[in-house]
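The following exercises concern one protein structure.

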Amino acid sequence: MCSSFFRGAALGLPLTLLASSIALAQGGSDGDPQQTTATDKRITSLDAVKVIAATQQGVAPRFPGTLASVPAEQVEATVNAVDVEDAAKYLPSIFIRKRNYGDTQPVLATRTWGVNSSARTLVYIDDIPISALIANNNTIGAPRWGMTSPEAIDHIDMLYGPFSAAYAGNSMGGVMRIVTRIPDKTEVTIKQTEAVQSFDLYGTHGNYSTSQTSLTASGRSGSLGWFFGANAANSFSQPLSMITGSTTPTGTAGTIPALNKLGQVANVYGAGGLLHTRMLDLNGKLVYDITPTWRATYMVGYWSNHGQSHTDTYLTDASGNPTYGKVSGFASNVYQLSAHHLMQALSVKSDTKGDYDASFVVSHYDFIKDHQWSPAGVTSGTEVTTNGRLASYDGTQWSTADATLFWRPQGYGGAHEVSFGAHADQYELANPTRNLASWQDPSTVTTLYAAGSGKTQTQALWVQDAWQLTPAWLLTLGGRYEWWKASDGFNFSGNKAVQQPRETADAFSPKATLQWSVAPDWRLTGSLGRAVRFPTVGELYQLVATGSTYSVPNPDLKPETVRSGELAVEHALDQGLLRLSLFQENTKQALISQTSTLPNVAVPVTYVMNVGELRNRGVELVAQKDNVLVQGLELSGSVTFVDSTILSNDSFVSAAGTTSEGKHAPYVPRWRATAVATYRPNASWAFTLAGRYSGKQYSTLDNTDNTPHVFGAFDSFRVFDVRAHYQINDHLAASFGIDNINNEKYYLYHPFPQRTYVADLKLSL
């Protein structure tokens, strides 16, 4: 494995191509000006580290562990960014599973957890949580990235590991903070982005386009600051699924022989999930300075999405006409969807630069309308049944509340800063699937076909003390106690209704970080932390019975417990930084999602189970340097190795006699690397070459999915992107880029995008 990685690296991802000037403010301020204590003054002795100027107060104390940042100006110059999540594309050890432009399900993977672990990271816009902890999956569990606009971003911080008591156990994979800004004078931006993907797989060939128009306006008038953003996108995706089966449908031609990820016969009949989406994001923020030391912020986001999915059959009948061959999988990939979501949040906080400060944050997210409807089956030719099914999330919602108090016993800038906090949340799932008399008319609802609903609630108290023992030593200790409850669980399927039992749990999570500044340009940081993640309401009760994948509930799941540690060595270079991190994470009762094909079921089935114990341990090397060899050449990147092993799993049962113990944990690649180079010949131009590598991933506990490059597999991939950015004048900028310029064809369950051309023009007033 090691030798194969280095062969791959030599072909395309040498660290000499690292770039994008990712500003790695390791261990520095997380963007909170009220946290500029004596500790921060000591940390800035790492002179070569790029420190991001803070523009937004944070709600939590300074993060004690490893932190990486990327500023907005670097994103604009170096990343083919269409959506907010694209801004974090090249951060160390980070992968955001974005299947296509217009994707509504981009989830965040970190160095220890994979692409189906949306509830194992936390994502914030300033101090507002946008993580969808309603589920831990790639569908409704994705963060709500559209609650802000790319032009509102000042910088993005990635905090690695569960080492702060201010964050729930869902931070085991890390915390991403999108820090926004409001300018002192009025600014207006208009941006037009066009993208075209050239796609060729099996019998599907075509060009799939995306057109996006963005408008933002922001400014300040006295005590009032404001921001408004609107983003409209019209997108056509490549196929997101393939329709497969073990035979050749009777009376047809055109079947393409193939296997599935387990090496079993899975002949390809056609492509599905060719999705046309029309999406609108509206978001706004009002900031009001109540007094010179107290500020109130109101944020609102509205998301609307309408889409239609169709199929591309490869089958023909005896007369040569296209046909579905009576394969029901085609019906699962023909659907329409419509969604309207609303998020609101309010924060009130102080910045006294005195002995005390406080903040209060509440948020609410509501699925006002969320429908997907499809036919129940196929008939003859390429016809589908008149009747169908409607899956709905109407009424699904969540609310959060946080209160934080800062106490500085020795005054602002003193050796102690103690923070206290309280947290409460409630997540409510409503997911019925109903029969339709006419599948194309969602108002023709008849009877209930299936249902999953329920609630989870969590309350927490936490405390954290950052203590400057000496000018060279900083000790941070903390603890978090959480109480969790799951209730009102209900499932209906096959004319059988079940009221699920009420579940409760509580847990204490201690944290400790010790930081030693060995010299002005050397720092050593050791962190230990325990984190507990309680099952999401989706893992407990969600039952999906429409679309291309079915999900079944498991109401008996136990919380998963993580013990995590990291030792990081950082060295500041002249205009650069090196960091080496050794990390280990042991997880007991890990909540792992599995997707399997079952007899007489037309589509894959997904379910969640507790796995006895997993161990993730590895090493991460991060490098960044400006003006390498020549003025204007910026190099940066990362290489991460993870040995992710299942240590015990008594609950695993295999009809084939296989075992999961000693196998690699699902969805975690052994090797991952990011490499980016940017050359700026002058202040107007920036040319970027970037590469991303990920090793093979398994999606089964017994690692029996050894067949690559087929639908459902999780392939190794090596993808390169290029971008040229030209700042024409103070008001106009243009960019052209190509994502996946090497046209890598790979699957991460879904077929992923092939070569895509991206161009944008931005006017700033």
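**Exercise 1.** Locate Ser-644, decide whether Ser-644 is buried or exposed, and name its side-chain partner.

*Solution.* Step 1: Ser-644 belongs to strand β28 (residues 633-648); strands are DSSP runs of E with at least two residues, helices are runs of H or I with at least four, and both are numbered from the N terminus. Step 2: with a relative accessible area of 0%, Ser-644 is buried (buried means under 20% relative accessible area, exposed over 50%, partly exposed in between, with a 1.4 Å probe and protein chains only). Step 3: the side chain of Ser-644 is joined to that of Asn-616 by a polar contact of 2.2 Å (a pair of N or O atoms within 3.5 Å, of which, within protein, one must be able to donate a hydrogen and the other to accept it; residues adjacent in sequence count only if both atoms are side-chain atoms).

The model is predicted: local features need pLDDT of at least 70 and side-chain atom pairs pLDDT 80 or more, while totals for chains, interfaces and linings use all residues. Residues are numbered from 1 along each chain as its sequence is written, and side-chain values use heavy atoms, without hydrogens and water.

**Exercise 2.** Describe the aromatic pair of Phe-367 and Trp-398.

*Solution.* Step 1: the whole structure holds 20 aromatic pairs (rings of Phe, Tyr and Trp, the latter by its six-membered ring, with centres within 6.5 Å; planes under 30 degrees apart are stacked, over 60 edge-to-face, the rest tilted). Step 2: Phe-367 and Trp-398 are edge-to-face, with 5.9 Å between centres and 65 degrees between planes. Step 3: Phe-367 lies in strand β15 (residues 356-375) and Trp-398 in strand β17 (residues 397-407), so the pair ties together parts 31 residues apart in sequence. Step 4: Phe-367 is buried at 1% relative accessible area, and Trp-398 is buried at 3%.

**Exercise 3.** Classify the pair of Tyr-481 and Trp-483, and state how accessible each residue is.

*Solution.* Step 1: the centres are 4.9 Å apart and the planes form 40 degrees, which makes the pair tilted. Step 2: Tyr-481 is partly exposed, with a relative accessible area of 29%. Step 3: Trp-483 is also partly exposed, at 38%.

**Exercise 4.** Which ring does Arg-111 lie over, and at what distance from the ring centre?

*Solution.* Arg-111 lies over the face of Phe-583, 4.5 Å from the ring centre (NZ of Lys or CZ of Arg must be within 6 Å of the centre and within 35 degrees of the ring normal).
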